[in-house]
Amino acid sequence: MDDNEDILEILRLILEDYGYEVKTITDGNLMFEEIKENRPDLILLDIMLGNMDGRELCKALKSNKETQDIPIILVSASHNLSDRFMPTSAHIDFLAKPFDMMELLNKVAINLSAA
């Protein structure tokens with residue numbers, strides 16, 4: 001999930017090229033509905049969404065019994081957030097934008113194998 005459709009398109013193209021099935025959304029208000037309909041194996045979640053804070057969405061996911069075990073990779077262009085970001089739960093990772101394609105693929109593979 002990202003509010004930038006261009007970023008979503010790039011992520012989708014990269015991940016689909018490596019055999020992953022990808023569903024993208026731009027609106028955090030639709031997140032739980034989408035998760036209920038399409039139970040994901042992993043969530044890539046932008047921290048700085050237009051009208052929402054991805055960290056708050058992450059907390060909501062991790063406090064819900066139905067979604068707490070889904071691995072989440074928080075993504076942000078603010079590199080200093082990675083220094084301040086301390087995961088409070090298992091299955092939470094961080095990826096700074098701009099990211100290297102191989103770094104993205106490695107994080108996705110690691111988080112999927114740990115789930």
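Visitor: Asn51: buried or exposed?
Guide: Exposed, because its relative accessibility is 63%. Buried means under 20% relative accessible area, exposed over 50%, and partly exposed in between, with a 1.4 Å probe and protein chains only. This is a predicted model, where local features need pLDDT of at least 70, side-chain atom pairs count only at pLDDT 80 or more, and totals for chains, interfaces and linings use all residues. Residues are numbered from 1 along each chain as its sequence is written, and side-chain values use heavy atoms, leaving out hydrogens and water.

Visitor: Where does Asn51 lie?
Guide: In the loop between strand 1 and helix 3 (54-62). Helices (H or I, at least four residues) and strands (E, at least two) are DSSP runs, numbered from the N terminus.

Visitor: And how far is Asn51 from Asp27 in space?
Guide: 8.9 Å, C-alpha to C-alpha. In sequence, 24 residues separate Asn51 and Asp27.

Visitor: New topic. What order do the strands take in the sheet?
Guide: The order is 1-2-3, in an open sheet of 3 strands with parallel pairing. Strand 1 (43-46) and strand 3 (92-96) are the edges, each pairing on one side only. Two strands pair if DSSP finds at least two bridges between them.

Visitor: How many bridges link strand 2 and strand 3?
Guide: 5, in the parallel sense; strand 2 covers residues 72-76. Ile73 stands opposite Asp93 in strand 3.

Visitor: What about the whole protein: which pattern does it follow along the sequence?
Guide: α-α-β-α-β-α-β-α. That comes with 5 helices and 3 strands.

Visitor: How much of it is buried?
Guide: Buried residues make up 38% of the 115 residues.
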